[in-house]
There are 2 protein chains.
Amino acid sequence: MTAPPLFPRVAVIGLGLIGSSLARVLRADPTLAGELVAADRSAAVCARVLELGLADRAETDPACAVAGADLVILAVPIGACADLAAAIGPHLKPGAILTDVGSVKQAVIRDVAPQVPDGVHFVPGHPIAGTEHSGPDAGFADLFRGRWCILTPPPGTDPAAVEKVVELWRRAGSMIEVMEPGHHDRVLAITSHLPHLIAYTIVGTATDLEEHLKSEVIRFSASGFRDFTRIAASDPVMWRDIFLNNREAVLEIIQRFTEDLTALQRAIRWGEAETLEHLFTRTRDIRRGIIDARQA
Amino acid sequence: MTAPPLFPRVAVIGLGLIGSSLARVLRADPTLAGELVAADRSAAVCARVLELGLADRAETDPACAVAGADLVILAVPIGACADLAAAIGPHLKPGAILTDVGSVKQAVIRDVAPQVPDGVHFVPGHPIAGTEHSGPDAGFADLFRGRWCILTPPPGTDPAAVEKVVELWRRAGSMIEVMEPGHHDRVLAITSHLPHLIAYTIVGTATDLEEHLKSEVIRFSASGFRDFTRIAASDPVMWRDIFLNNREAVLEIIQRFTEDLTALQRAIRWGEAETLEHLFTRTRDIRRGIIDARQA
């Protein structure tokens, strides 16, 4: 007789890039998950998920999907978490584990934790992985391999529940770190939210150019700009919610960035060659650090 | 009897990423180049170039290298072009073609053209290709394949000389466009110079963080930031020279960018969800344009 899977029934809510990638991870490992229920508010996505064989059944009503589930994964834009938590809260099974994949942790905890009934374990998480593509067809099981997943369980969370979520991400190939949610939000404001905001801005600036110049910009798009357009092709609703929900940390880092850009602008205007060369040299160290940390 | 190569003797001055990649292109095609002479002010680079078999001989004195050359390629940071042109000008062979690979065209023409003797054909060029790596070991023959090379010959340049430089880049696998130098500088300010400046700035902002936060930023570096650190690892002297020599176009586009960033910052501060989503949606169009133009 084989042992039961770690999670006999799993509900994944939101089958976009992250949710559908996780579904693929869960499907690939029968010792990890038994029955897999998908929920997505889009009936078209539900149909596609079944076509792709990513779940045993698919529901447009998340309350139906979570009933009886041992693990519930919220993989929706973070702005949708509050209403979603309110809708599923009363239907969560006692002893169930609830986790999420949102890119901001304080706001998700603020929105979700009050809806979690006693006896249900809420273990917030954030896999630092993604591509610029969206939807259930964009997912793939290796998305999380070699990438970090940060968990931010509130003080007093059941250690056994945390360990089970750790095991989920370990099976996905991730490295796991436990962190305080406010610290997570500050770190991610720098490494992810500001870069996306800048990329959206610069591509927006190019969008506003006179028509003939814009077509030349597209035609002769060089490596820097090309990378930015890729980043700026990320899911608009997901990113809108991130900026609105990590407002303080993002505004603080924009402020620092703007001061630094203004200093560089001034150095260019006044022809300060040494200032420019000095800055351009020291930024190489961070790159080396990232290569050494094998995240390049 | 075989026909002589298109350029019986070629001198490449500056054996960094671009110069050494071009040397590899020239070496691979005996119908393109005969003797290949390398010049680099660094004796160590000259020695390495010979070890790598990239040239028949290598000189630290560019005047020696250009003597008798049918094609002379300047592949040095653009700030070095004025002195270099003055040094080689008197030694250029009548009928020779002089070209360059600089990322700014008006400044290079301003610095080089006055040093070009009558009877020598100056055809300025700019291959839109590169990586974040530098030096003769970083080059590779396929660097230019499928990429644009923009030529900006002054009015009245000998069409036969232009056609020979076009053929050089065609053999490198590039697509060729002829453009007015001022227009080139404006387009590149947007597609290449501003993105690099932004990447240098954001990585610099991260460099200034408190030590413990900085180490976390490196450790949990997500895709946006990782891409920026790669761009910001580009050659510091080359980029210093680009910003100093395309000052007006770069300052103009920084100004537009800053206005747009300020508008986004304000939308985040005031929670203007629709403004954010609208911008994040329309930037996808430019990405689509780039994919359609097969430059992604």
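What is the handedness of the crossing of helix 12 of chain A and helix 10 of chain B? The crossing is right-handed. This report describes that contact and several others in a predicted model.

**Relation of the two chains**

Two copies of a chain are related by a rotation about an axis and a shift along it. The same surface serves both copies, since 100% of the contact residues of chain A recur in chain B.

**Helix packing**

Two packed helices are described by the angle between their axes and the distance between the axes.

| Helix pair | Angle | Axis distance |
|---|---|---|
| Helix 7 (residues 181–207) of chain A and helix 7 (residues 181–207) of chain B | about 160 degrees | 11 Å |
| Helix 12 (residues 273–292) of chain A and helix 10 (residues 236–245) of chain B | about 140 degrees | 9 Å |
| Helix 7 of chain B and helix 11 (residues 247–269) of chain B | roughly 65 degrees | within 9 Å |

With their axes at about 160 degrees, helix 7 of chain A is roughly antiparallel to helix 7 of chain B. Their crossing is right-handed. Chain A contributes A:Ile190, A:Leu194, A:Pro195, A:Ile198, A:Ile202 and A:Ala206 to this contact, and chain B contributes B:Ile190, B:Leu194, B:Pro195, B:Ile198, B:Ile202 and B:Ala206. By class, the contact comprises 12 nonpolar residues, with no polar and no charged ones.

For the second pair, the angle of about 140 degrees makes helix 12 of chain A oblique to helix 10 of chain B. From helix 12 of chain A, the residues A:Ala273, A:Leu276, A:Glu277, A:Phe280, A:Thr281 and A:Arg284 meet B:Pro236, B:Val237, B:Trp239, B:Arg240, B:Phe243 and B:Leu244 of helix 10 of chain B. This contact divides into 8 nonpolar, 1 polar and 3 charged residues.

Helix 7 of chain B supplies B:Asp185, B:Arg186, B:Ala189, B:Ile190, B:His193, B:Leu194, B:Leu197 and B:Ile198, while helix 11 of chain B supplies B:Ala249, B:Val250, B:Ile253, B:Ile254 and B:Phe257. The classes present are 10 nonpolar, 1 polar and 2 charged residues.

**An enclosed helix in chain B**

Helix 1 (residues 17–27) of chain B is largely enclosed by the rest of the structure, because 10 of its 11 residues are buried. The buried residues include B:Leu17, B:Ile18, B:Leu22, B:Arg24 and B:Leu26. The buried residues of helix 1 pack against strand 1 (7–13), strand 2 (33–39), strand 4 (71–74), strand 7 (125–127) and helix 6 (159–171) of chain B.

**A residue in contact with both chains**

B:Arg230 belongs to helix 9 (residues 223–231) of chain B. Its relative accessibility is 22%, so B:Arg230 counts as partly exposed. Apart from neighbours within four places in sequence, B:Arg230 is in contact with A:Asp227, A:Arg287 and B:Glu132. The C-alpha atoms of B:Arg230 and B:Ala39 are separated by 28 Å, the two residues being 191 residues apart along the chain.

Note on methods:
Residues numbered from 1 in each chain as written. Chains lettered and ligands numbered in written order. Predicted model: local features only at pLDDT ≥ 70, side-chain atom pairs only at ≥ 80, totals over all residues. Heavy atoms only, no water. Axes fitted to C-alpha atoms, helices over the stretch in contact; angles between N-to-C directions. Helix = DSSP H or I, 4+ residues; strand = E, 2+ residues; numbered from the N terminus. Parallel < 35°, antiparallel > 145°, perpendicular 65-115°, else oblique. Left-handed = near helix turned anticlockwise from the far one by under 90°. Contact = heavy atoms within 4.5 Å. Nonpolar A, V, L, I, M, F, W, Y, C, P; charged D, E, K, R; others polar. Buried < 20%, exposed > 50% of the residue type's maximum accessible area, 1.4 Å probe, protein only.
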